[in-house]
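Here is a short note to read beside the model. Please keep the structure open as you go through the points.

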Amino acid sequence: MSHWKLFLALFILHAHGDHIFTGAVVFREYIGANFDNVRFSDVPINPNIQVHFILSFAIDYTLGSSPTPTNGKFNIFWDSDNLSPSQVLSIKRQHSNVKVALSIGGDSVGSRSVDFTAFSIDSWVSNAVSSLTRVIKQYHLDGIDIDYEHFDASPTIFAQCIGRLVTTLKNNRVISFASIAPFDDGEVQRHYLALWRSHARVFDHVNFQFYAYDRGTTVAQFLRFFDEQASNYDGRKLLVSFSTDSSGGLKPDKGFFTACQNLKRKGKLNGIFVWSADDSKASGFRFERQSQALLANSYK
């Protein structure tokens with residue numbers, strides 16, 4: 001019986017032909033922020049693992065040339081021409097192991113930073129629940145990612161706003177999973193750790209931005225960073241990451257997969273996420289394929 005329990009914990013028989021996909025790991029990729037005409041169908045999809053696309057971004061700022069905060073009324077800022085509701089439905093129908101989420105916040109909008117701004121907790125939550133429910137249903141989405149990186153509110157207010165938003169969306173069955181995307185910055189960590197302390201139970205993944213570390217990061221440093229963040233957050237929910245743009249961290253051709261193999265041997269490799277499909281398109285998604293293959297073999 002214990003053998004069967006272990007088997008079921010690691011593998012889920014999924015209705016995709018005869019494929020069995022590994023339920024314990026996930027590959028995730030941000031898509032649509034750079035308006036590089038990338039489509040879901042451009043990205044390789046291994047049928048044996050969970051794959052999440054994360055639309056980037058929905059932002060509670062006004063549209064137009066001088067964006068200003070809207071107190072939780074979200075607008076779409078991703079490439080909706082190439083990543084439309086019909087295209088979400090299409091990729092999910094073609095690949096039953098694919099789910100699609102949206103990310104809220106991001107670093108910047110236009111020429112200014114995206115600051116988390118709430119006029120009051122109650123009004124922000126009410127507006128956010130209403131506007132995001134509408135977008136999530138319109139686009140046939142499954143989840144949400146929290147990626148605010150600048151703040152015009154205290155950690156306590158941020159934690160209450162985001163925690164109540166995600167809790168409500170889950171309770172209303174609007175979404176089935178949620179993640180946060182912190183990185184190693186004092187102000188960022190203060191806000192996300194406050195959120196984690198009060199609402200960790202409603203989050204399924206931690207998309208920690210390991211590519212925000214220095215560009216010369218070594219394998220040994222990366223593994224140390226992983227352990228540090230595993231102690232800050234739940235190590236079982238912590239995903240590793242790399243970027244295919246010019247940002248830092250441990251690059252996939254500089255030892256990232258060596259670090260992943262180390263984590264895999266220790267049973268710590270829960271998944272990989274990439275920033276971003278837009279940046280990977282020109283090189284043919286080589287490292288996405290490698291990441292997915294590694295994850296598909298993680299528990300064989």
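1. The crossing of H6 and H7 is right-handed. That label applies when the near helix is turned clockwise from the far one by less than a right angle, and anticlockwise counts as left-handed. Helices (H or I, at least four residues) and strands (E, at least two) are DSSP runs, numbered from the N terminus.

2. This is a predicted model, in which local features need pLDDT of at least 70, side-chain atom pairs count only at pLDDT 80 or more, and totals for chains, interfaces and linings use all residues. Residues are numbered from 1 along each chain as its sequence is written, and side-chain values use heavy atoms, with hydrogens and water left out.

3. How do H6 and H7 pack? Helix H6 spans residues 219-232 and helix H7 spans residues 252-265; their angle is about 50 degrees and their axes lie 9 Å apart. H6 is therefore oblique to H7. Axes are lines fitted to C-alpha atoms, for helices over the stretch in contact, and angles run from 0 to 180 degrees between N-to-C directions. Under 35 degrees is roughly parallel, over 145 roughly antiparallel, 65 to 115 roughly perpendicular, and the rest oblique.

4. On the H6 side, Val 219, Phe 222, Leu 223 and Phe 226 make the contact (heavy atoms within 4.5 Å). Their partners in H7 include Phe 256, Ala 259 and Leu 263. By class, this contact has 7 nonpolar, 3 polar and no charged residues. Nonpolar means Ala, Val, Leu, Ile, Met, Phe, Trp, Tyr, Cys and Pro; charged means Asp, Glu, Lys and Arg; the others, Gly among them, are polar.

5. H7 also packs with helix H9 (residues 286-296), at about 10 degrees and with axes 11 Å apart. The two are therefore roughly parallel. Phe 257 and Lys 264 are among the H7 residues in the contact, and Phe 287 and Leu 294 are among those of H9. The classes here are 5 nonpolar, 3 polar and 2 charged.

6. The Asn 97 side chain reaches the backbone oxygen of Asn 46 at 2.9 Å and that of Ile 49 at 2.7 Å.

7. Thr 117 lies in the loop between strand E8 (115-116) and helix H3 (121-138). Thr 117 is buried too, at 11%.

Methods: A polar contact is a pair of N or O atoms within 3.5 Å; within protein, one must be able to donate a hydrogen and the other to accept it, and residues adjacent in sequence count only if both atoms are side-chain atoms. Buried means under 20% relative accessible area, exposed over 50%, partly exposed in between (1.4 Å probe, protein chains only).
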